[in-house]
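Subject: Structure handover

Hello,

Here is the structure I promised to pass on. Please open it first, then read the notes below.

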Number of protein chains: 2
Amino acid sequence: MGKGYGDCSLEVTRACPIEMTLHIIGGKWKGIIIDILSEKSVRFNELKRLIPGITQRMLTLQLRELETDGIVKRKVEDTVPPKVEYSLTDQGENLSRILESMRVWGNKYYK
Amino acid sequence: MGKGYGDCSLEVTRACPIEMTLHIIGGKWKGIIIDILSEKSVRFNELKRLIPGITQRMLTLQLRELETDGIVKRKVEDTVPPKVEYSLTDQGENLSRILESMRVWGNKYYK
DNA sequence: CTGCATCCTCGCCGATACTG
DNA sequence: CAGTATCGGCGAGGATGCAG
(Lines give C-alpha, C1' and ligand atoms only; values in the text may rest on other atoms or scores of the structure.)
Protein backbone atom coordinates (compact mmCIF):
# COMPACT_ATOMS: atom_id res chain seq x y z
CA MET A 1 0.00 0.00 0.00
CA GLY A 2 1.65 3.18 -1.17
CA LYS A 3 0.36 6.68 -1.05
CA GLY A 4 -2.77 5.89 -2.98
CA TYR A 5 -3.12 8.31 -5.83
CA GLY A 6 -5.62 5.92 -7.29
CA ASP A 7 -7.85 6.83 -4.38
CA CYS A 8 -7.80 10.53 -5.18
CA SER A 9 -10.46 9.67 -7.74
CA LEU A 10 -11.68 12.91 -9.20
CA GLU A 11 -10.05 16.06 -7.95
CA VAL A 12 -6.42 15.13 -7.60
CA THR A 13 -5.34 18.69 -6.97
CA ARG A 14 -7.59 19.17 -4.00
CA ALA A 15 -7.17 15.73 -2.57
CA CYS A 16 -3.44 15.48 -2.28
CA PRO A 17 -1.48 17.30 0.41
CA ILE A 18 1.51 17.72 -1.87
CA GLU A 19 -0.54 19.56 -4.45
CA MET A 20 -2.16 21.65 -1.75
CA THR A 21 1.19 22.67 -0.30
CA LEU A 22 2.53 23.45 -3.74
CA HIS A 23 -0.50 25.60 -4.38
CA ILE A 24 0.03 27.54 -1.15
CA ILE A 25 3.67 28.39 -1.90
CA GLY A 26 3.26 28.36 -5.66
CA GLY A 27 2.46 32.02 -6.20
CA LYS A 28 5.12 33.95 -8.03
CA TRP A 29 6.28 35.90 -4.96
CA LYS A 30 5.24 33.68 -2.07
CA GLY A 31 8.55 31.88 -1.74
CA ILE A 32 10.55 35.03 -1.25
CA ILE A 33 7.88 36.57 0.99
CA ILE A 34 7.84 33.60 3.36
CA ASP A 35 11.61 33.44 3.31
CA ILE A 36 11.99 37.08 4.28
CA LEU A 37 9.36 36.83 7.00
CA SER A 38 11.13 33.78 8.43
CA GLU A 39 13.89 36.11 9.56
CA LYS A 40 11.83 38.88 11.08
CA SER A 41 8.54 40.73 11.08
CA VAL A 42 8.42 43.27 8.29
CA ARG A 43 6.19 46.22 7.40
CA PHE A 44 4.46 46.51 4.08
CA ASN A 45 6.70 49.07 2.44
CA GLU A 46 9.85 47.50 3.81
CA LEU A 47 8.71 44.22 2.29
CA LYS A 48 8.13 46.00 -0.99
CA ARG A 49 11.62 47.47 -0.80
CA LEU A 50 13.13 44.06 -0.06
CA ILE A 51 11.52 42.48 -3.11
CA PRO A 52 12.72 44.32 -6.19
CA GLY A 53 10.30 44.04 -9.08
CA ILE A 54 7.10 43.33 -7.16
CA THR A 55 4.17 45.70 -7.55
CA GLN A 56 2.02 46.93 -4.69
CA ARG A 57 -0.92 45.08 -6.15
CA MET A 58 0.86 41.73 -6.22
CA LEU A 59 2.36 42.19 -2.77
CA THR A 60 -1.10 42.88 -1.38
CA LEU A 61 -2.68 39.95 -3.18
CA GLN A 62 -0.03 37.42 -2.25
CA LEU A 63 -0.05 38.55 1.39
CA ARG A 64 -3.84 38.23 1.49
CA GLU A 65 -3.68 34.69 0.14
CA LEU A 66 -0.96 33.71 2.58
CA GLU A 67 -3.05 35.22 5.37
CA THR A 68 -6.13 33.28 4.25
CA ASP A 69 -4.08 30.08 4.16
CA GLY A 70 -2.90 30.67 7.73
CA ILE A 71 0.75 31.20 6.80
CA VAL A 72 1.06 34.90 7.60
CA LYS A 73 -0.18 37.08 10.45
CA ARG A 74 -1.14 40.72 9.94
CA LYS A 75 -0.81 43.17 12.81
CA VAL A 76 -2.35 46.61 12.27
CA GLU A 77 -1.53 49.63 14.40
CA ASP A 78 -4.34 52.07 13.83
CA THR A 79 -2.27 55.21 13.66
CA VAL A 80 -1.67 57.94 11.13
CA PRO A 81 0.13 57.06 9.01
CA PRO A 82 -1.00 53.43 9.24
CA LYS A 83 1.52 50.77 10.25
CA VAL A 84 1.06 47.13 9.30
CA GLU A 85 3.47 44.41 10.35
CA TYR A 86 3.55 41.00 8.72
CA SER A 87 4.99 37.88 10.32
CA LEU A 88 4.75 34.10 10.02
CA THR A 89 2.31 31.94 11.95
CA ASP A 90 3.53 28.68 13.46
CA GLN A 91 2.41 26.86 10.35
CA GLY A 92 4.29 29.45 8.33
CA GLU A 93 7.42 28.82 10.36
CA ASN A 94 7.19 25.11 9.66
CA LEU A 95 6.63 25.81 6.00
CA SER A 96 9.69 28.06 5.88
CA ARG A 97 11.85 25.08 6.85
CA ILE A 98 10.71 23.34 3.71
CA LEU A 99 11.67 26.41 1.70
CA GLU A 100 15.06 26.31 3.40
CA SER A 101 15.55 22.73 2.23
CA MET A 102 14.57 23.88 -1.24
CA ARG A 103 17.28 26.52 -1.08
CA VAL A 104 19.84 23.91 -0.07
CA TRP A 105 18.73 21.61 -2.87
CA GLY A 106 18.73 24.47 -5.38
CA ASN A 107 22.25 25.52 -4.46
CA LYS A 108 23.60 22.01 -4.82
CA TYR A 109 21.67 21.59 -8.05
CA TYR A 110 23.27 24.70 -9.50
CA LYS A 111 26.80 23.43 -8.57
CA MET B 1 23.87 39.55 6.74
CA GLY B 2 21.07 37.26 5.91
CA LYS B 3 20.41 35.47 2.70
CA GLY B 4 20.83 38.61 0.68
CA TYR B 5 17.79 39.18 -1.44
CA GLY B 6 19.00 42.73 -1.79
CA ASP B 7 21.89 41.28 -3.77
CA CYS B 8 19.66 39.55 -6.26
CA SER B 9 19.46 42.95 -7.98
CA LEU B 10 17.48 42.52 -11.14
CA GLU B 11 16.15 39.08 -11.89
CA VAL B 12 15.08 37.74 -8.56
CA THR B 13 13.38 34.72 -10.05
CA ARG B 14 16.47 33.45 -11.79
CA ALA B 15 18.88 34.37 -9.08
CA CYS B 16 17.37 32.66 -6.07
CA PRO B 17 17.58 28.90 -5.56
CA ILE B 18 14.20 28.81 -3.83
CA GLU B 19 12.47 30.34 -6.81
CA MET B 20 14.33 28.03 -9.15
CA THR B 21 13.31 24.95 -7.18
CA LEU B 22 9.73 26.16 -7.02
CA HIS B 23 9.77 26.65 -10.76
CA ILE B 24 11.05 23.13 -11.37
CA ILE B 25 8.33 21.46 -9.30
CA GLY B 26 5.72 24.14 -9.98
CA GLY B 27 4.11 22.62 -13.05
CA LYS B 28 0.55 21.48 -12.56
CA TRP B 29 1.40 17.76 -12.65
CA LYS B 30 5.05 17.67 -11.66
CA GLY B 31 4.48 17.05 -7.98
CA ILE B 32 2.45 13.92 -8.51
CA ILE B 33 4.74 12.72 -11.30
CA ILE B 34 7.86 12.99 -9.15
CA ASP B 35 6.04 11.41 -6.24
CA ILE B 36 4.93 8.39 -8.26
CA LEU B 37 8.38 7.94 -9.79
CA SER B 38 9.94 8.05 -6.31
CA GLU B 39 8.37 4.66 -5.67
CA LYS B 40 9.30 2.90 -8.89
CA SER B 41 10.09 3.27 -12.56
CA VAL B 42 6.94 3.62 -14.60
CA ARG B 43 6.11 3.43 -18.30
CA PHE B 44 4.33 6.23 -20.13
CA ASN B 45 0.87 4.76 -20.32
CA GLU B 46 1.03 3.37 -16.81
CA LEU B 47 1.90 6.87 -15.61
CA LYS B 48 -1.05 8.22 -17.55
CA ARG B 49 -3.28 5.64 -15.90
CA LEU B 50 -1.97 6.53 -12.44
CA ILE B 51 -2.75 10.21 -12.89
CA PRO B 52 -6.47 10.60 -13.52
CA GLY B 53 -7.29 13.73 -15.45
CA ILE B 54 -3.96 14.32 -17.16
CA THR B 55 -3.83 14.45 -20.96
CA GLN B 56 -1.19 12.79 -23.09
CA ARG B 57 -0.04 16.21 -24.19
CA MET B 58 0.53 17.48 -20.66
CA LEU B 59 2.15 14.26 -19.50
CA THR B 60 4.60 14.50 -22.38
CA LEU B 61 5.32 18.18 -21.81
CA GLN B 62 5.84 17.89 -18.07
CA LEU B 63 8.07 14.84 -18.48
CA ARG B 64 10.15 16.67 -21.09
CA GLU B 65 10.65 19.61 -18.76
CA LEU B 66 11.57 17.37 -15.85
CA GLU B 67 14.03 15.58 -18.12
CA THR B 68 15.56 18.88 -19.24
CA ASP B 69 15.91 19.94 -15.61
CA GLY B 70 17.72 16.72 -14.78
CA ILE B 71 15.00 15.35 -12.50
CA VAL B 72 13.79 12.46 -14.63
CA LYS B 73 15.55 9.80 -16.71
CA ARG B 74 14.04 8.38 -19.89
CA LYS B 75 14.95 4.86 -21.00
CA VAL B 76 13.77 3.80 -24.45
CA GLU B 77 13.62 0.20 -25.60
CA ASP B 78 13.48 0.35 -29.35
CA THR B 79 10.98 -2.44 -29.87
CA VAL B 80 7.55 -2.79 -31.44
CA PRO B 81 5.47 -1.66 -29.73
CA PRO B 82 7.80 0.95 -28.19
CA LYS B 83 8.53 0.83 -24.47
CA VAL B 84 9.66 3.89 -22.53
CA GLU B 85 10.46 3.79 -18.84
CA TYR B 86 10.68 6.87 -16.69
CA SER B 87 12.57 7.08 -13.40
CA LEU B 88 14.15 9.67 -11.13
CA THR B 89 17.76 10.81 -11.33
CA ASP B 90 19.74 11.22 -8.13
CA GLN B 91 18.77 14.87 -8.04
CA GLY B 92 15.18 13.81 -8.56
CA GLU B 93 15.43 11.42 -5.61
CA ASN B 94 16.69 14.23 -3.41
CA LEU B 95 13.92 16.47 -4.63
CA SER B 96 11.31 13.82 -3.86
CA ARG B 97 12.31 14.00 -0.19
CA ILE B 98 11.32 17.63 -0.18
CA LEU B 99 7.97 16.67 -1.68
CA GLU B 100 7.61 14.08 1.06
CA SER B 101 8.10 16.78 3.69
CA MET B 102 5.48 18.82 1.88
CA ARG B 103 3.08 15.91 2.16
CA VAL B 104 3.75 15.65 5.89
CA TRP B 105 3.24 19.38 6.34
CA GLY B 106 0.10 19.34 4.20
CA ASN B 107 -1.41 16.50 6.21
CA LYS B 108 -0.79 18.24 9.50
CA TYR B 109 -2.11 21.48 8.04
CA TYR B 110 -5.31 19.80 6.98
CA LYS B 111 -5.75 18.12 10.41
C1' DC C 1 1.76 54.32 4.35
C1' DT C 2 -1.17 50.78 2.89
C1' DG C 3 -4.08 49.52 0.21
C1' DC C 4 -8.25 48.67 -3.78
C1' DA C 5 -10.22 49.03 -8.78
C1' DT C 6 -9.54 48.54 -13.81
C1' DC C 7 -7.78 47.14 -17.83
C1' DC C 8 -4.89 44.26 -20.51
C1' DT C 9 -1.30 40.86 -21.83
C1' DC C 10 0.64 36.41 -22.09
C1' DG C 11 1.53 31.73 -21.53
C1' DC C 12 -0.18 27.52 -19.19
C1' DC C 13 -3.12 24.16 -19.94
C1' DG C 14 -7.31 21.44 -22.01
C1' DA C 15 -9.64 19.27 -26.10
C1' DT C 16 -9.10 16.98 -30.07
C1' DA C 17 -7.12 14.79 -34.01
C1' DC C 18 -3.32 12.50 -36.20
C1' DT C 19 1.33 9.38 -36.54
C1' DG C 20 5.42 5.87 -36.47
C1' DC D 1 2.48 2.25 -27.06
C1' DA D 2 4.19 6.69 -27.00
C1' DG D 3 4.05 10.37 -28.68
C1' DT D 4 3.20 15.31 -32.02
C1' DA D 5 0.22 19.19 -34.02
C1' DT D 6 -3.16 22.71 -33.74
C1' DC D 7 -6.56 25.65 -31.74
C1' DG D 8 -8.49 28.18 -28.14
C1' DG D 9 -9.96 29.57 -23.23
C1' DC D 10 -8.88 31.27 -19.00
C1' DG D 11 -6.67 33.04 -15.20
C1' DA D 12 -2.27 34.72 -13.05
C1' DG D 13 0.11 38.56 -13.04
C1' DG D 14 1.74 43.57 -14.78
C1' DA D 15 0.66 48.76 -15.43
C1' DT D 16 -1.62 52.43 -13.87
C1' DG D 17 -4.65 55.36 -11.24
C1' DC D 18 -7.41 56.50 -7.08
C1' DA D 19 -8.45 56.41 -1.81
C1' DG D 20 -8.49 56.34 3.44
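Let me start with one residue in chain B. B:Lys30 counts as buried, because its relative accessibility is 1% and the cut-off for buried is under 20%. Keep in mind that this is a predicted model.

Where does B:Lys30 sit? It belongs to helix H3 of chain B, which covers residues 30–37.

Next, the DNA. DNA strand D is surrounded by 21 residues. The closest are A:Lys28, B:Asn45, B:Gln56, B:Arg74 and B:Tyr86. By class, this surface has eight nonpolar, six polar and seven charged residues.

H5(B) gives the most, with four residues.

Now the strand's own side. Take the atoms of DNA strand D within 4 Å of the protein: 62% belong to sugar or phosphate. The rest belong to bases.

- A:Lys28 has a polar side-chain atom 2.5 Å from a phosphate oxygen of DNA strand D.
- B:Tyr86 has a polar side-chain atom 2.6 Å from a phosphate oxygen of DNA strand D.
- A:Arg57 has a side-chain N or O atom 3.2 Å from a base nitrogen of DNA strand D.

Last, the sheet in chain A. It is open and has three strands, in the order E1-E3-E2, with antiparallel pairing. Strand E1 (42–43) and strand E2 (72–77) of chain A are the edges, and each pairs on one side only. E2(A) pairs with strand E3 (residues 83–88) of chain A over six bridges, in the antiparallel sense. At one of these places, A:Glu77 has A:Lys83 in E3(A) as its bridge partner.

What packs on this sheet? Helix H3 of chain A (residues 30–37) does, and it touches E1, E2 and E3 of chain A. The direction of this helix makes about 95° with that of E3(A).

Over to you.

Best wishes

Technical notes
Residues are numbered from 1 along each chain as its sequence is written. Chains are lettered from A and ligands numbered from 1 in the order in which they are written. This is a predicted model: local features need pLDDT of at least 70, side-chain atom pairs count only at pLDDT 80 or more; totals for chains, interfaces and linings use all residues. Side-chain values use heavy atoms; hydrogens and water are left out. A residue is near a molecule or strand if one of its heavy atoms lies within 4 Å of it. A polar contact is a pair of N or O atoms within 3.5 Å; within protein, one must be able to donate a hydrogen and the other to accept it, and residues adjacent in sequence count only if both atoms are side-chain atoms. Helices (H or I, at least four residues) and strands (E, at least two) are DSSP runs, numbered from the N terminus. Ala, Val, Leu, Ile, Met, Phe, Trp, Tyr, Cys and Pro count as nonpolar, Asp, Glu, Lys and Arg as charged, and the others, Gly among them, as polar. Two strands pair if DSSP finds at least two bridges between them. Contact means heavy atoms within 4.5 Å. Axes are lines fitted to C-alpha atoms, for helices over the stretch in contact, and angles run from 0 to 180 degrees between N-to-C directions. Buried means under 20% relative accessible area, exposed over 50%, partly exposed in between (1.4 Å probe, protein chains only).
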